[in-house]
Amino acid sequence: MPVLPTLRRLGVPLLAATALYAAAATPAAAEEPGWTAEPLAGPAAAARPGGDRPFFYLAGIPGTVLEDRLALANTTDQERTITLRGADAYNTADGAFAVRPAKPAAGGRSQGPGAGAGSWISFGAGATVKIPPRTRAVVPFTLTVPPASPPGDHPAAVVATEGGHEVGVRIHLRVSGPTLAALTVEDVAVRGRGSAAVVSYTLVNRGNVALAPELDLAGEGLFGEVPGRTGRALPVELLPGQRVELAEPWPGAPLLDRVDLTLTVTAPGGARAVASGSRWLVPWNLVGWTGAGLLALGGTTAAALYLVRARRPRPDPAPDAPPAAGPVPAPEHELTGASR
């Protein structure tokens, strides 16, 4: 079962989560592989502690063939057979650095994807290396930049695989030409209230170079300025063309106010983006108790009015009026037809 590759960036192993790896590592696969993969130390790294390089950095014009070397060290008493491949790199939805998994070939072997710089990597000595016990092997590789490659950053990695373990070594590749640092901020929203409030938003790299963004959060309420966040470096490297969804804690959010938020994101190279959003921050538990209190008060008032009306004395009805006075008509005489 494949496991998540470990990428070495700035000398610190990073767990490279990838959306295309569906299974987690088994307990046996979570153990140390017994071998390491890292860039071979060169003259430029001699002044660093240990003389190592945390990643590959390559640069050239379109059509250039670039060369470097990978060091594989077997730290066990058994022979190791390690398979190498190139892979494209990308950002996961939450901003982590990740690499694409290998695609199965027709013959059952794996091959790197052909979408980006991962497919430009080849290993002259072959993609499979046998390392004797307690031995270090140096593997040369080349990266051929296609003639029509656009300028800017093309993130990739060399991935070593053996026994269910994958270790990735990052490649910073810069193709010569005009560069553009640009980004946008989208989908600003607020969740929670008070010290638990969180501002969520989306960052999109619209340029052709990787960005190290910084965030400034400002708020204006009905009663004046609201405490925000100033100049905080975000824990993400935003690769060209990538979109990430981030969340920023906002402990200064008020409990009751209507706030206009302004998010300003900047990055080296002149990248700057501003986005705004508005929201009523209302403690709904207080609203619920207030509503219940008003409802109870309304019921009490209606009952009191009913009791007051029920106890009010009613006037006695007026006696029947006597018949109106007037002349009494004389009785009519019966006519018999007899003469008098």
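The model is predicted, so local features need pLDDT of at least 70 and side-chain atom pairs count only at pLDDT 80 or more, whereas totals for chains, interfaces and linings use all residues. Residues are numbered from 1 along each chain as its sequence is written, and side-chain values use heavy atoms, with hydrogens and water left out.

**Stop 1: Asp-88**

Select Asp-88, which is placed in strand β6 (residues 80-91). Strands are DSSP runs (E, at least two residues), numbered from the N terminus.

Next, display the backbone nitrogen of Gly-116, which the side chain of Asp-88 reaches at 2.9 Å. The backbone nitrogen of Gly-118 lies 2.6 Å from a polar atom of that side chain.

**Stop 2: Arg-134**

Move to Arg-134, in the loop between β11 (128-131) and β12 (135-144). Most residues other than glycine have a negative phi. Phi of Arg-134, however, is positive, near 50 degrees. Arg-134 is exposed, with a relative accessible area of 58%.

**Stop 3: Asp-187 and its sheet**

Select Asp-187 in strand β16 (residues 183-191). Its phi is also a positive value, near 55 degrees, and Asp-187 counts as exposed at 56% relative accessibility.

Now show the open sheet of three strands, in the order β16-β17-β20 with antiparallel pairing. The edge strands, β16 and β20 (243-249), each pair on one side only. From one strand to the next, the twist averages 20 degrees. Two strands pair if DSSP finds at least two bridges between them; β16 and β17 (residues 198-205) have seven, in the antiparallel sense. Highlight Ala-189 and Ser-200, its bridge partner in β17.

**Stop 4: Leu-180**

Finally, select Leu-180, in the loop between β15 (165-175) and β16. Leu-180 is partly exposed, with a relative accessible area of 48%. Which residues does Leu-180 contact, leaving aside its neighbours within four places in sequence? They are Arg-206, Gly-207, Asn-208 and Val-209, where contact means heavy atoms within 4.5 Å. The C-alpha atoms of Leu-180 and Asn-208 are separated by 5.6 Å, although these residues are 28 apart along the chain.

Definitions and conventions: Helices (H or I, at least four residues) and strands (E, at least two) are DSSP runs, numbered from the N terminus. A polar contact is a pair of N or O atoms within 3.5 Å; within protein, one must be able to donate a hydrogen and the other to accept it, and residues adjacent in sequence count only if both atoms are side-chain atoms. Buried means under 20% relative accessible area, exposed over 50%, partly exposed in between (1.4 Å probe, protein chains only). Axes are lines fitted to C-alpha atoms, for helices over the stretch in contact, and angles run from 0 to 180 degrees between N-to-C directions.
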